[in-house]
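Here is a short briefing on one protein chain. Please look over the sequence and the model before reading on.

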Amino acid sequence: MSDEAVRPSSGVLDVMVHVVGMAVYLVGLWLYIQVFGLPKQAIEVVICIWLGTVAWDVRRPVREHLLFLKDWWPPFVVFLAYLYSRGLSDDLGVFSVHVTEPIKFDKWLFGGTLPTEWLQHHLCGNPCERSMAPRWYDVVLTTVYYSHFFAALAVAAFLWKRNRPQWVRYMRRYLTVISLAVVCFVVYPMAPPWMASRDGYIGEVHRITGRGWFDLGSSHGSGGTTQQHVSAVGNQVAAMPSLHAGLAILVALWGITQLRSRWRWALLLYPAAMMLMLVYYAEHYVLDEIAGAALVAGTMVGWSAWERRRAAAAAAEPGAPDAEPELDAAGAG
């Protein structure tokens, strides 16, 4: 029997390498989660994504694996700035925390009813944490909440592997939204509903973000303990605008503008579920979500206009080749 007859084909070998590499990666990721908890910072998620690309095909040259770090260092700079500036308003103590404005706006918008109070009363009882066991929709909504920490970056990783110019365009928008939101967090710190309730500004509501995963089958919430499992540590008054709502909207709108299937509009269910969850779980007011949506809309319109002008200018220049866009640390090409 010839050697060729006993050797696995290149296609089978490729599959084996992928399966073994990803199996090792998933075991390592599971161990990491057991020791350090779920990844909840963008830097953690990006490193996990990079290691996943390495595990997918470890046979590639090292220089190809390092190309990821070369391309992603500008986003890393923004992520670091975001991580260390989220609590800047607390450290500076210059801007006072706003509490009453979003309460008044939400009540005005909903005819005198505060949506968070209404949702918690009708969906999990009153008081919410102690009266009713978690329902199926709590599981769904807690999962939607945690997806915030990786969904937008997963889209970025996919684009980086498949279409780098599109990755650059996407990251411009993603990093601009984050950067402008951080500025707002610093100059306009705002208490979310759970904090306003704690301080007596509104009726009794609870921060129940971890309810769907960690209290399933129990009629008693574990309060802050469950919240810590799924929520990133950071500035507690970084509520205006809502990045959870904004990035969910960004992911949906990007998909809708890039896909051609009629089913692409179903992507809107993702930000819809995220926005419902944020109000129900007392993480944000409706006003925060409107501000997050406006930030994303303005960012997408602004960058699209800039890219059209740039393309038109390049086309008008005789003999000018199409240049691949570059990304700098500010997220601009």
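This is a predicted model: local features need pLDDT of at least 70, side-chain atom pairs count only at pLDDT 80 or more; totals for chains, interfaces and linings use all residues.

The protein has 17 helices and zero strands. Of its 333 residues, 45% count as buried.

**Overall build**
- Take the contacts between residues at least 6 apart in sequence: 81% of them join residues at least 24 apart.
- The accessible surface of the protein is about 17200 Å². Carbon and sulfur atoms account for 66% of that surface.

**Second largest pocket**
- The volume of the second largest pocket is about 240 Å³.
- Tyr25, Leu29, Ile33, Leu38, Pro39 and Val45 are among the residues that line the second largest pocket. The lining also includes Cys48, Ile49, Tyr146, Phe150, Ala154 and Ala157.
- By class, this lining has twelve nonpolar residues, with no polar and no charged ones.

**Asp138**
- Asp138 sits in helix α9, which covers residues 136-147.
- Is Asp138 buried or exposed? Its relative accessibility is 0%, so Asp138 counts as buried; the cut-off for buried is under 20%.
- Which residues does Asp138 contact, leaving aside its neighbours within four places in sequence? Asp138 is in contact with Arg211, Gly212, Tyr280 and Tyr281.

Definitions and conventions: Residues are numbered from 1 along each chain as its sequence is written. Side-chain values use heavy atoms; hydrogens and water are left out. Helices (H or I, at least four residues) and strands (E, at least two) are DSSP runs, numbered from the N terminus. Buried means under 20% relative accessible area, exposed over 50%, partly exposed in between (1.4 Å probe, protein chains only). Contact means heavy atoms within 4.5 Å. Accessible areas come from the Shrake-Rupley method with a 1.4 Å probe; for residues, only the protein chains shown count as cover. On a 1 Å grid over the protein atoms alone, a cavity is a set of points where a 1.4 Å probe fits but cannot get out, and a pocket is an open set with protein on both sides within 12 Å along at least five of seven lines; lining residues have an atom within 4 Å of a point. Grid points are joined across faces, edges and corners, and a volume is the space filled by probe spheres set on the points. Ala, Val, Leu, Ile, Met, Phe, Trp, Tyr, Cys and Pro count as nonpolar, Asp, Glu, Lys and Arg as charged, and the others, Gly among them, as polar.
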